[in-house]
Amino acid sequence: MKAEPSGRKPSILLWLLALCVLLGMSQVLGTPAQQAPQEPEAQQENGEKKAEDAEKEQDKKKDKEKSFEDVVEDMERVEGLFSFYRKEDENKVLIEILPEQFDEDYLYSAKTEQATGERGLYGTIMREEYVFQWRRFGKRVQLVQKNIRFRADPGTPAARAVEKSFSDSLMASAKILSKPHPERNSVLVDLEELWLSRDLHGTAQGLKARYDTGYKINKDDSGFVFLKSFPRNSEIGAVLNFQASEVKGRSVTLPDPRSLSLRFRYSLVELPENDYMPRLADDRIGYFVDMHMDYTDDQPETPYVRYIARWNLQKKNPEAEVSEPVEPIVFWLENSIPYKYRDAIRDGILLWNDAFEGAGFKNAVVVKQQPDDAEWDPADIRYNTIRWMIGYDASFAIGPSHSNPYTGQLLDADIGISEGILRLGARRRYELYVHPVQAMQKLKEDAWEHEGALADGRNLCSYGQGLAEKVSMAYDVLSSRPSWDAGEEEEFVRQYTMELLAHEVGHTLGLRHNFQASTLHGVDQL
């Protein structure tokens, strides 16, 4: 009998062993189609376990969040409408927002405190003003500019339609840094993330237009210069450094135009709650207006509603024909104004008391001098100020104001006077006699370039420009006379200054340029 090959039997055994192993693994692992279905109880237990695991993971994350006290440890607290926590040596500032401060209307007001002194970038100029809200969005806090141009009475179908039709604007947002305060339930956010990490005013775009290059905020060399907070307003001072790799446009004032710093003041203000009665505008009289479109009712021919801008003057004695006001309109002369102009500026402002007496108010306007050692800032929204500015190419005066956009009530006014508009020298003579077209070209540029109040052409006031040209010519004529002396020159400048201030104060009282007055009175009466 022939013997079997020695390797055949072991080969069959190996194949059988491999087959058994594979079958065993398929039983252990299986496929979804092969696995026995779980009982409903098992599925429920599995789902509950996953939810429990997720909850435990969330608890772990919460445990990692720092407490309110830990985050503000060793920081100075500045208490007021909004409270701040500051660590000055680290340039670190946090803002505390209470639960009741979310989704509430506040007024945002900005001013340029220090600029470049050329091309429309001047210090002391008012900038944007708008209504804003703090809104919570998950783990972030948003600074939202509220759209109040389109309105309807709350609770009406029209109000719901308006809400769906128009968008607000998200200006900035920041991450919540800690657990809520154990008692106040307030949250903390980093002010740097809100104010210094983005260009809130589009300043870089304006710089690009002026210097023909792209600037970016240099966050590392930007920071907060002061923080103040009061019961009805909080004040933030910040310096923002802008840098560019190269600059094509020329600069007269900057040592190196590749780097410049601008200082701003931001006021966060509680809207006034009082018995102020809005007054509807009349197109025959030139008032600045706060305007919105009201869609509550479609019966009126137009949805536009216009409230005039005016101060909340009320008589101390309502029965009297002429009475002092409960609160007068107070203007402060900034301590940077040269001594020789202060009396003329004061007299020009007080000229308006004659007009107010005709309206039944005595001493409606009051002028005070800011002391040299004053601790308050002229840009504080609680003060109306006459401010002095110096710019290489600045030769104008401006009278902007801020109002409550819901009612038209005036809240703040800062009149800016450049030293150039009172300099009756070679600059004006050149513009007037050698190149008169240049002055008008510059005026058009100013309407586009100036920050804040002049950014909108409708608010452009060319009166100061025209007055300075006329005064310059009159000065040359009068000073050529033999009888001209220092006393006459002083009186000439005094009257010019008074007229200029009276005009700009008129703007801060809510008045635009003459409408009916230009036709009601003859030239000899004006």
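Residues are numbered from 1 along each chain as its sequence is written, and side-chain values use heavy atoms, without hydrogens and water. In this predicted model, local features need pLDDT of at least 70 and side-chain atom pairs count only at pLDDT 80 or more, while totals for chains, interfaces and linings use all residues.

Helices (H or I, at least four residues) and strands (E, at least two) are DSSP runs, numbered from the N terminus. Two strands pair if DSSP finds at least two bridges between them. Strand β2 covers residues 83–87 and is joined to β1 by 3 bridges. Val-78 stands opposite Phe-84 in β2.

The whole structure holds 17 aromatic pairs. Rings of Phe, Tyr and Trp (its six-membered ring) pair if their centres lie within 6.5 Å; planes under 30 degrees apart count as stacked, over 60 as edge-to-face and the rest as tilted. Trp-195 and Tyr-266 form an edge-to-face pair, because their ring centres are 5.7 Å apart and their planes stand at 65 degrees. Trp-195 lies in helix α5 (residues 191–195) and Tyr-266 in strand β13 (residues 259–270), so this pair ties together parts 71 residues apart in sequence. Trp-195 is buried, at 1% relative accessibility. Tyr-266 is also buried, at 1%. Buried means under 20% relative accessible area, exposed over 50%, and partly exposed in between (1.4 Å probe, protein chains only).

The pair of Tyr-341 and Trp-388 is stacked, because the ring centres are 5.6 Å apart and the planes at 25 degrees. Tyr-341 belongs to helix α7 (residues 339–350) and Trp-388 to strand β18 (residues 384–389), so parts 47 residues apart in sequence are tied together. Tyr-341 counts as buried at 11% relative accessibility. Trp-388 is buried, with a relative accessible area of 11%.

One aromatic cluster includes Phe-82, Tyr-106, Trp-134, Trp-195 and Tyr-266. Charges also sit over rings, a contact that requires NZ of Lys or CZ of Arg within 6 Å of the ring centre and within 35 degrees of the ring normal. Lys-228 lies over the face of Phe-226, 5.5 Å from the ring centre. The charged end of Arg-382 sits over the ring of Phe-230, 3.6 Å from its centre.

A search of the whole structure gives 23 salt bridges, each a side-chain nitrogen of Lys or Arg within 4 Å of a carboxyl oxygen of Asp or Glu. Glu-65 and Lys-139 form one, with their closest N and O atoms 3.1 Å apart. This pair links loops 74 residues apart: Glu-65 lies between α2 (40–64) and α3 (68–71), Lys-139 between β5 (125–137) and β6 (140–145). Glu-65 is partly exposed, at 29% relative accessibility.

Arg-265 and Asp-377 meet in a salt bridge of 3.1 Å, N to O. Arg-265 lies in strand β13 and Asp-377 in the loop between β17 (365–369) and β18, 112 residues apart. Both Arg-265 and Asp-377 are buried. Arg-77, Glu-79, Glu-96 and Arg-184 are linked in a network of salt bridges.
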